Each structure stands twice: as structure tokens, then as C-alpha cells.
Amino acid sequence: MLARLPALLFCPILWLWCLVYGVPGGVFFKLAAVYENWVATNRYHYILWKKYPQRSYQKYISSLWASEIKGLPMELAEYTRQKIEQNHPSEHFPFLRLLTNSIFMLFILPYMVATGIIKGPLFVYRREMQARQQYLSQRGLPT
Amino acid sequence: MNWFADNRKKPKILLVEDNELQAELTASAIVESGLYEVLIAHNGEEALNELARNQRGFDFLTNAIDCILLDWQMPKMDGTQLLRALRTHELKSPFKRHTPVVIISAFGDNDLRLKAEDSSHGLASAYLTKPIDESELLHVLKRITYDNEAEIMRELLLEQRLKQLKERR
């Protein structure tokens, strides 16, 4: 759309467009990306727990084992794991994993918004410049 | 009539295959199921262009293509090069989420297939061998697109391969 503008108007309108469209767009799409990732990660944990219970259980035991083995001699590794398996014969709904994921997503949200403010206009600028160069080269003008 | 099932957007599959006849056969098998939309690219470069055309939300969101069916041997840019280019691009994203890839190769259960599996660095969700079994293909696509199991399938495949390597040693 901007590619067809005369050279004098192109630059100022492009910068304005980067601010007006790039900044809110960048923020919105970054927020959408966080949401999309939150859904995907939670879905992964849920499917793992629901459809692959053995695999999910082993991961659960490994996470418990990793926290309990800290500071203990390595000779106790196997014994500690067996003990954990005896104390936790089954895995409950992975509520903690989903909660941790949600808290993490909330934590990174401001950072993602900040990157959206910077990267959004940059993306729009690059895309419009590319379209401009393509338009000029199609008309045989110097780019 | 299930209104929601009928109106759900069909997942997009990108088929990257240099052999036109093979591409047509595979695409028609997928389209005939009525569950997917298929895009065809004949080499790696075309595939990257197709991915760029289907980017979502300033390229901040995952691609609109839900799964890539990738032939391993192709002219210009082969499967390894395309997969590397794709994953390098995806690494720039803070979430590093992968577009699921299914590798199609003519190699059967032999060293060449294992080589293909290794050179993909465990980044593919499944391997299919030619001639492609239609029901197997649709089953894999269903697991990836409708059941959202791509990541789990990739992990399982990688583990299986590591186990094989250990046994060999």
C-alpha cells in the first residue's frame, strides 16, 4: 500500500505507520504469542498426564528425585528414587505444573510487551521497505 | 450434524516433494480425507517462501501451517538444509516452538534412514517411508494436528533413537 507513494511522502508516512500500526500491533501479537504458548504448554502437560501416564509419572518422580537428591551422596541415588516411588505410587493431576507455567507466563508478560513495542515497528518497517524495493525494481527504477 | 466439527478451520499441511506425481498422489490422499488443506512446494526454497507467506501476527505467533511433510532428498535445497533453516529461524522466537515436521524418505529400515534421523537432530515428529501407507500417513497427521501430540511424538522418537544407539555400542 505504501510502496506506491511518491518518494517525498514515503519516508514520513512509513515512520508514522510504524508508530501507529507497528507499536500496538507488536504489543497485541506478543500478548497473543504468550497466550498461545501458555495454552500449548498446558495442553502438553495435560495430554502427557492423560494419554501417557507412565511417561508423565516418570517425569514427576524425576522432578521430585532431583530436588531430594541435592546434598546427598550419589550412592543413595537409586535408593532415594525407589523410596520416592514407594511414597508416591501414582501421579495426581499436574496442577502444580500448570500453575507454575501460568505464573511464569505472567512473569514474562511485561518483558514480552516491551519487546513487542520495539520489534513491532521494526517488523513493519522492514516489510514495507521490502515491498517498496520490489515495487521499484518491477518498474525498473533504482532501489 | 456436528456444527462445530464442520466449521472448524482445516489444518494446513505443507507438502514438500520434488517428484510431481508423488506429490499429487500424496496430496490427493490427504485432501480426500476432507480433514486438511494441502499446500505443495517442490523444493526447500519454495517451502520457505510458502512458510513466509503463511506467517501469523508479525511472525510473532506460530506459523499458520500446522505440519510439514518433508521429502528428505530434493534438488536445490534438501530436507536437512530446509529443516536447519527452519529451526534456526524458529530459535529467534523467545518460545522456540517448532512447526511439526514429518520426514518422508525412500530409505527403509537401514543405515541411510538412521543417518537421516540423526541429521535431523531429533527435530522431526515422525518418519514415514516410501511408498507411503495412506492410513499411516493420516494417523500421523491426526495425532499431530488434531490431538496436539507433535512434541510428545518428537520426544519419544528421540528417546527411541538414543536407545538404539546405546544398544549398538
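Modeller: Before we start, one term: two residues are in contact if their C-beta atoms, placed from the backbone, lie within 7 Å.
Biologist: Fine. For chain B, what share of the contacts with a separation of 6 or more comes from residues 24 or more positions apart?
Modeller: It is 66%. Keep in mind that this is a predicted model: local features need pLDDT of at least 70, side-chain atom pairs count only at pLDDT 80 or more, and totals for chains, interfaces and linings use all residues. Residues are numbered from 1 along each chain as its sequence is written, while chains are lettered from A and ligands numbered from 1 in the order in which they are written.
Biologist: What is the mean pLDDT of chain B?
Modeller: The mean is 84, and 86% of the residues of chain B reach 70 or more. pLDDT is the predictor's confidence in each residue, from 0 to 100.
Biologist: And which scores does the complex get from the predictor?
Modeller: An ipTM of 0.82 and a pTM of 0.84.
Biologist: Now the layout. How many helices and strands are there in chain B?
Modeller: Chain B has seven helices and five strands. Helices (H or I, at least four residues) and strands (E, at least two) are DSSP runs, numbered from the N terminus. The order from the N terminus is α-β-α-β-α-β-α-β-α-β-α-α.
Biologist: How much of chain B counts as buried?
Modeller: 28% of its 169 residues. Buried means 20 or more other C-beta atoms within 10 Å of the residue's own; exposed means 12 or fewer, and partly exposed is in between, with C-beta atoms placed from the backbone.
Biologist: Which residues touch the most other members of the largest nonpolar core?
Modeller: B:Ile13, B:Leu14, B:Val16, B:Ile68, B:Leu69, B:Leu70 and B:Val102, out of 28 residues. A nonpolar core is a set of buried Ala, Val, Leu, Ile, Met, Phe, Trp, Tyr and Cys residues joined through C-beta atoms within 7 Å.
Biologist: Which element gives the most to this core?
Modeller: E3(B), with five residues.
Biologist: What is B:Val16 in contact with, beyond its neighbours within four places in sequence?
Modeller: Its contacts include B:Ala41, B:Ala47, B:Ile68, B:Leu70 and B:Leu82.
Biologist: Why is E4(B) largely enclosed?
Modeller: Because four of its five residues are buried. Four bridges join E4(B) to E3(B), and the two run parallel. Strands pair if DSSP finds at least two bridges between them. B:Leu69 has B:Val102 as its bridge partner in E4(B). Four bridges also join E4(B) to strand E5 (residues 126-129), again parallel. There, B:Ile103 stands opposite B:Tyr127.
Biologist: Switching to the interface. How many residues of chain A are in contact with chain B?
Modeller: 16, against 12 residues of chain B. H1(A) gives the most to the chain A side, with 13 residues. That side divides into nine nonpolar, four polar and three charged. Ala, Val, Leu, Ile, Met, Phe, Trp, Tyr, Cys and Pro count as nonpolar, Asp, Glu, Lys and Arg as charged, and the others, Gly among them, as polar.
Biologist: Where does H4(A) bend?
Modeller: At A:Leu109, by about 40°, and A:Pro110 follows within four residues. The bend is the angle between axes fitted to the seven residues ending there and the seven starting there.
Biologist: What do the buried residues of H4(A) pack against?
Modeller: H1 of chain A. Among those buried residues are A:Met112, A:Gly116, A:Phe123 and A:Val124.
Biologist: What follows H4(A)?
Modeller: A:Gly140, with a positive phi near 75°.
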